Amino acid sequence: MRSAALLVLCCVLASAPVVSAQAEPPATPDLRGYRTVPVDGFVVDGAAYFQTPDGLRCAILPTNGTAGCDGALPATPAGVNEIVLAAEVNTRGLRATANPSFLTPSGSAAPVLPEGAKIAYGDVECAVDAGSITLCAKGTPAMQWMVISAERTGIGPATEGLPPGFPDPNDFIVGDDDYVVGTGPKNMFPVFTAGGGLTCSIVTFSGGEIGCNGPLPGVSGGENEIFAQLPGTTGIRRTDNPKFSTPDYPGQVRQLPVGNRVNGIGGICMAIPGGVACYGALADQVQGFEVSATETSTFG
C-alpha cells in the first residue's frame, strides 16, 4: 500500500520548485499505508516532536495549529530552513529564519520517526518514507498538507481565491526582516521596494489599501500607481502625489528580495522577477495586482 502511494506521489510531484506562477502544489499525500506508532514517546508539553532519519527536526504543535520541520530542506531556494503547515496563509509556507519553531523546548534531540512509520497528534498526521521523504496532512480528509522530498518540497493545496497564473504565496519565502519603517504610534504597515523601480505599501487593517508607485510596464497613459482597495476597486492611475512610496515615519525602506514575500494584516506581497504581485482578502472578496517586467494586470 505504501509503495503504491509513493508511486502515485512521485508521478504527480513537480520538479524542484521555482518561484513562479507555474509552480504546481504537491499532490495530497496518502498516509493510509504507513505503520502507526504510539505518539506518547514523542510528546513534550502538549506537542509532538520527532526527527527524520535524514536529520530534520519536526513537530506537531496543536496549540498553534501548526506542524513543520526545521533543517536542510531539499528542493528549496538557498537560505530556506523551515517549512510550516497551517490553515492560515500568513503562517504557512517556506521560511528563512534564525528562530526555528519546531525544536524541542529543551533543545535536546527528539526521537527518530523511522521510515515507513507515522504518528498522529491532534488533527495532523506525519509520516516518513525512504529517500528522505517526509509527509504531513492536516485534517480528515486532508485540508492542508506538506511534502518534503528531493523532487518537491512545498505546501498544498494552492491558495484559494487567486486567478489562474497568479503567483502563490505558498512558494515564497518569509524571512526575519521587518519591513515596517520607523517607529511611532499605530505603525504596523510594511513599506518596501521591489524590482522595476517600485515602492509598495500594505496599509490594511480590517480593510484599507495595498499599492505600489513606480513604472508600470505595458500601460500607455503615464500611470504610475497601482492599487487594491479593501473593500472597493482595483486599478491603475496617474498621480502627482504617490501615496504608497512614502512611509508614515522616517527610516530605511528595505528591498524585498525576489522569491520572498511580506505579510500584512489582510494582505500579502510577493517579489517576482522585475516586479511584484500583491493581493488582499476581505469578506470573501479577493483583489490584487501583478506588475512584471513586461506587463501590468489587476483582478477583483
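Where is Pro141 found? Pro141 sits in the loop between β10 (133–138) and β11 (144–148). Keep that loop in mind. I will come back to it.

A word of caution before that: this is a predicted model.

Start with the whole protein. It has one helix and 24 strands. Its radius of gyration is 20 Å, close to the 19 Å that the globule rule gives for 300 residues, so the protein is as compact as a globular protein of that length. Along the principal axes, the C-alpha atoms fill a box of roughly 65 × 40 × 35 Å.

Of the 300 residues, 48% count as buried. The protein exposes about 13,200 Å². Carbon and sulfur atoms supply 53% of that area.

Charges next. There are 15 positive and 27 negative ones. Their mean positions are 2 Å apart.

Back to the loop. The peptide bond from Thr140 to Pro141 is cis, with omega near -5°. Another cis peptide bond joins Gly156 and Pro157, with omega about 0°. Pro157 lies in the loop between β12 (154–156) and β13 (173–175).

Two serines to finish. Ser132 is not a glycine, yet its phi is positive, about 55°. Ser132 lies in the loop between β9 (124–129) and β10. Ser206 also has a positive phi, near 55°. Its loop runs between β15 (198–204) and β16 (208–213).

Are these serines buried or exposed? Ser132 has 35% relative accessibility, so it counts as partly exposed. Ser206 has a relative accessible area of 67%, so Ser206 is exposed; the cut-off for exposed is over 50%.

Conventions:
Residues are numbered from 1 along each chain as its sequence is written. This is a predicted model: local features need pLDDT of at least 70, side-chain atom pairs count only at pLDDT 80 or more; totals for chains, interfaces and linings use all residues. Side-chain values use heavy atoms; hydrogens and water are left out. Helices (H or I, at least four residues) and strands (E, at least two) are DSSP runs, numbered from the N terminus. The radius of gyration is taken over C-alpha atoms; the globule rule is 2.2 Å times the number of residues to the power 0.38. Buried means under 20% relative accessible area, exposed over 50%, partly exposed in between (1.4 Å probe, protein chains only). Accessible areas come from the Shrake-Rupley method with a 1.4 Å probe; for residues, only the protein chains shown count as cover. Lys and Arg count as positive and Asp and Glu as negative; His and the chain ends are not counted. The place of a charge is taken as NZ of Lys, CZ of Arg, CG of Asp or CD of Glu.
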